[in-house]
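Have the sequence and the 3D view open, and take the points below in any order you like.

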Amino acid sequence: MRTSIYRVRVGYVDTDQAQVVHHSTYFRWLEQARVELLREGGLEYKGWEAVTRLGLPLVDAAIRYIQPCRFDDIVLVETVIGAAARTAIRFDSTLTLESKPDVVVTQAQIRLACVHLEHGARRVPEEVLRACVGDDYEGQLVRTAGTRLTLNSK
Amino acid sequence: MTRIELIGLFERTATEIAERDIKGLSELTEISTLGIDSLGILELVGEMEKQLGVQLPDDQLVGLTTIRDLIDLVEKRRQMQVS
């Protein structure tokens, strides 16, 4: 399964009145990290969406905020493919500060399905599975790829 | 497999996907009334493909409303594979 690291510096606009990164900001980073993972796997999302008229909407998300991040911090978003199925792919992300790589600040699991932008739900096409899992994706598919992160687990 | 047997297969597969008992279906049952979302329907179709050895292209699933529609599609695809 593919792994990718997306590096981002916290902008002032990313923070809130408590002077920490707002909880919604993490979703933008997670999304960009997924786009980069796909790009590294050979799928350029913008062009793919335009040609195929397919999309990969988020259908399930679980996120745990562990430590705050602040303005000007450099955050590393490490994303792996947690599970891949014909109907959905789960992206598991662990966020750390570049200055303290042993400290996990956030964990997330995001599940993406596939839709045709006009005609509705579709199975995840081969080129996406290849970009996420590799050429030998057939042997690594599971039946479903739901999120498993729970609020109570450590 | 007869049409009645296909309904039985649909019921068993839908029960597995939905994680609750789904039974007493007929060809006229509307798939949207089963409480399975669109991803669940795709999973269900995928399982039926495996069990029946038939491929049901995604673009032909659009517009399927009833179990009859699905069974008709399965039979049509099976005939295409045989010929």
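Arg130(A) comes out partly exposed, with a relative accessible area of 33% (buried is under 20%, exposed is over 50% and partly exposed is in between, using a 1.4 Å probe and protein chains only). Arg130(A) makes a salt bridge with Asp135(A), where the closest N and O atoms are 3.8 Å apart, and Asp135(A) is exposed at 63% relative accessibility. A salt bridge here is a side-chain nitrogen of Lys or Arg within 4 Å of a carboxyl oxygen of Asp or Glu.

Keep in mind that this is a predicted model, where local features need pLDDT of at least 70, side-chain atom pairs count only at pLDDT 80 or more, and totals for chains, interfaces and linings use all residues. Residues are numbered from 1 along each chain as its sequence is written, chains are lettered from A and ligands numbered from 1 in the order in which they are written, and side-chain values use heavy atoms, with hydrogens and water left out.

**Confidence**
- The complex gets an ipTM of 0.80 and a pTM of 0.89 from the predictor.
- Chain B has an average pLDDT of 89, with 100% of its residues at 70 or above (pLDDT is the predictor's confidence in each residue, from 0 to 100).

**Salt bridges within chain B**
- Over all chains, the whole structure has 17 salt bridges.
- Glu27(B) pairs with Arg68(B), their closest N and O atoms being 3.1 Å apart.
- Since Glu27(B) lies in the loop between α1 and α2 of chain B and Arg68(B) in helix α3 of chain B, the pair ties together parts that are 41 residues apart in sequence (helices are DSSP runs of H or I, at least four residues, and strands are runs of E, at least two, numbered from the N terminus).
- Glu27(B) is buried at 17% relative accessible area, while Arg68(B) is partly exposed at 38%.
- Shared partners link Arg3(B), Glu27(B), Arg68(B), Asp72(B) and Glu75(B) into one salt-bridge network.

**Where the chains meet**
- Chain B puts 16 residues into the contact and chain A puts in 10 (contact means heavy atoms within 4.5 Å).
- About 1,100 Å² is buried between the two chains, and carbon and sulfur atoms give 52% of that (buried area is the accessible area, with a 1.4 Å probe, that two parts lose on being put together, summed over both).
- Two salt bridges cross the interface of chain B and chain A.
- Asp58(B) and Arg123(A) meet at 2.7 Å, N to O.
- Glu49(B) also bridges to Arg123(A), with the closest N and O atoms 2.6 Å apart.
- Glu49(B) sits in helix α2 of chain B and Arg123(A) in the loop between β8 (120-122) and α3 (126-133) of chain A, so this pair joins two chains.
- Glu49(B) is buried at 16% relative accessibility, and Arg123(A) is buried at 13%.

**Aromatic pairs**
- There are four aromatic pairs over all chains (rings of Phe, Tyr and Trp, taking the six-membered ring of Trp, pair if their centres lie within 6.5 Å; planes under 30 degrees apart are stacked, over 60 edge-to-face and the rest tilted).
- Tyr12(A) and Phe71(A) are edge-to-face, at 5.4 Å centre to centre and 90 degrees between the planes.
- Tyr12(A) is exposed at 63% relative accessibility, and Phe71(A) is partly exposed at 45%.
- Tyr26(A), Trp29(A) and Tyr65(A) make up one aromatic cluster.
- Tyr26(A) and Trp29(A) are both buried.
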